[in-house]
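Student: I'd like to learn how to read salt bridges and pockets in a protein model. Could you walk me through an example?

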Amino acid sequence: MKLNLLAGLAALTVMTGLGQTAASAVEEPAYPEGYRRWTHVLSGVSNANFNRYEGLHNIYANPKAVEGYKSSGAFPDGSVIVFDLFEVVDKGGATVATKRKFIDVMVKDSKRYAATGGWGYTEFLGESRTERGFAQDKAPSCHACHLAKAGRDAVFTRFKD
């Protein structure tokens, strides 16, 4: 009896998809081809206090995201924001970007990423367009941090003309 019950539960789980995590059913954001030709939002240098974010970063926005930056803070579906991070070295008193550490990507799609405020989050390692630092199962932790800026649709940066 116990074995039949377990087999029945396993079959029900497979048939209904209850065994899947919510994240596994969500499509990962794609690599943002051509993002370095998008609008440059800002650059910054973070020191060792920011641990894995130490280095020189550039932030880029596609045209939809620029609309969001220029509006009252609501980003339309289709917005993509890229955080491009490089290691840095000191060369003769100048801080110089060297190797790319990763790019973080935020994609606005209110239906596909409803569980994380309409934003999908991912990270591509180094120069790779396929190797990811994390999958959508980690997106809720990204979003939890971004909620500090809920009044600006979970976006930390501001765009200044």
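Tutor: Happy to; we will take the salt bridges and then the pocket. Keep in mind that this is a predicted model.

Student: Which residue meets Glu 27 in a salt bridge?

Tutor: Its partner is Arg 112, with an N to O distance of 3.2 Å. Glu 27 sits in the loop between α1 (2-16) and β1 (39-46), and Arg 112 in the loop between β4 (94-108) and β5 (119-125), so this pair ties together parts that are 85 residues apart in sequence. Glu 27 and Arg 112 also belong to a network of salt bridges that includes Asp 109.

Student: And is Glu 27 buried or exposed?

Tutor: Relative accessibility settles that: over 50% counts as exposed and under 20% as buried. Glu 27 has 53%, so it is exposed. Arg 112, at 29%, is partly exposed.

Student: What does Glu 28 pair with?

Tutor: Glu 28 forms a salt bridge with Arg 132, at 3.9 Å from N to O. Distant parts of the chain are linked here too: Glu 28 is in the loop between α1 and β1, Arg 132 is in strand β6 (residues 132-134), and they are 104 residues apart. Glu 28 is partly exposed at 23%, and Arg 132 is partly exposed at 28%.

Student: Where in the chain are Arg 100 and Asp 84, which also form a salt bridge?

Tutor: Arg 100 is in strand β4 and Asp 84 in strand β3 (residues 80-91), 16 residues apart. Their N to O distance is 2.6 Å, and both residues are buried.

Student: Now the pocket. How does one find empty space?

Tutor: A probe the size of a water molecule is rolled over the atoms, and this shows where empty space is left. In this model, the largest pocket has a volume of about 670 Å³.

Student: Which residues lie nearest the centre of the largest pocket?

Tutor: Those are Tyr 53, Phe 83, Asp 104, His 146 and Phe 156, out of 25 lining residues. The lining divides into 15 nonpolar, six polar and four charged residues.

Student: Which element supplies the largest share of that lining?

Tutor: That is α3, with four residues. At least two lining residues come from each of β2 (55-61), β3, β4, β5 and α3 (139-146).

Note on methods
Residues are numbered from 1 along each chain as its sequence is written. This is a predicted model: local features need pLDDT of at least 70, side-chain atom pairs count only at pLDDT 80 or more; totals for chains, interfaces and linings use all residues. Side-chain values use heavy atoms; hydrogens and water are left out. A salt bridge is a side-chain nitrogen of Lys or Arg within 4 Å of a carboxyl oxygen of Asp or Glu. Buried means under 20% relative accessible area, exposed over 50%, partly exposed in between (1.4 Å probe, protein chains only). On a 1 Å grid over the protein atoms alone, a cavity is a set of points where a 1.4 Å probe fits but cannot get out, and a pocket is an open set with protein on both sides within 12 Å along at least five of seven lines; lining residues have an atom within 4 Å of a point. Grid points are joined across faces, edges and corners, and a volume is the space filled by probe spheres set on the points. Ala, Val, Leu, Ile, Met, Phe, Trp, Tyr, Cys and Pro count as nonpolar, Asp, Glu, Lys and Arg as charged, and the others, Gly among them, as polar.
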